[in-house]
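Keep the sequence and the 3D view side by side as you read.

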Amino acid sequence: MNWTDLTQDWSAAYARAKRRFPNLRDQDMMRVSKDRKGFEAYLAERHQLTINEAHEEVEDFLFTEGLNREFAHASSSK
């Protein structure tokens, strides 16, 4: 999954992101929802990460979201 895929249904994606990154604030999400680099910088600030660590966290989140999507699709087609 890539950032564009994730942000197509931002409200659902944000709910899952908030479970993984609990220091996200609802009032800030609309301003960073379409901007991956902005989201990474925001994530770094809110979770005391470096930009590189935040980038890796987002990469891992996207990978996990992709696996979840594949699993859901495979389960529904059986």
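Leaving aside neighbours within four places in sequence, which residues is Ala-13 in contact with? The answer is Leu-6 and Phe-61, where contact means heavy atoms within 4.5 Å.

Before going further, a word on the ground rules. This is a predicted model, in which local features need pLDDT of at least 70, side-chain atom pairs count only at pLDDT 80 or more, and totals for chains, interfaces and linings use all residues. Residues are numbered from 1 along each chain as its sequence is written, and side-chain values use heavy atoms, with hydrogens and water left out.

Back to Ala-13, which you will find in helix α2; helices here are DSSP runs (H or I, at least four residues), numbered from the N terminus. Ala-13 has a relative accessible area of 1%, so it is buried; buried means under 20% relative accessible area, with a 1.4 Å probe and protein chains only. Glu-65 is 52 residues away from Ala-13 along the chain, yet their C-alpha atoms are separated by 8.7 Å.

Next, turn to helix α1, where Trp-3 lies. Trp-3 counts as buried because its relative accessibility is 8%. Not counting residues up to four places away in sequence, Trp-3 touches a list of partners that includes Trp-10, Ser-33, Phe-39, Val-58 and Leu-62. Phe-21, by contrast, is 18 residues from Trp-3 in sequence and 16 Å from it in space, C-alpha to C-alpha. Thr-7 also has its place in α1, and its 7% relative accessibility is why it counts as buried. With residues up to four places away set aside, Thr-7 touches Ser-33 and Lys-34. Ser-33 turns up again among the contacts of Trp-10, together with Trp-3, Met-29, Met-30 and Phe-39, once neighbours within four places are left aside.

In soluble globular proteins, nonpolar side chains tend to be buried together.

Now look at α4, residues 36–46, and α5, residues 51–76. The two pack at an angle of about 115 degrees, with axes 8 Å apart; axes are lines fitted to C-alpha atoms over the stretch in contact, and angles run from 0 to 180 degrees between N-to-C directions. Among the residues that meet there are Phe-39 and Leu-43 in α4, and Val-58 and Leu-62 in α5. Just after α4, Gln-48 takes a positive phi of about 50 degrees.

Which residues of α5 are buried? They are Ala-54, Val-58, Phe-61, Leu-62, Glu-65 and Gly-66, and they pack against α1, α2 and α4. In α4, the buried residues include Arg-36, Phe-39, Tyr-42 and Leu-43, and their cover includes α1, α2, α3 and α5.

Key:
Buried means under 20% relative accessible area, exposed over 50%, partly exposed in between (1.4 Å probe, protein chains only).
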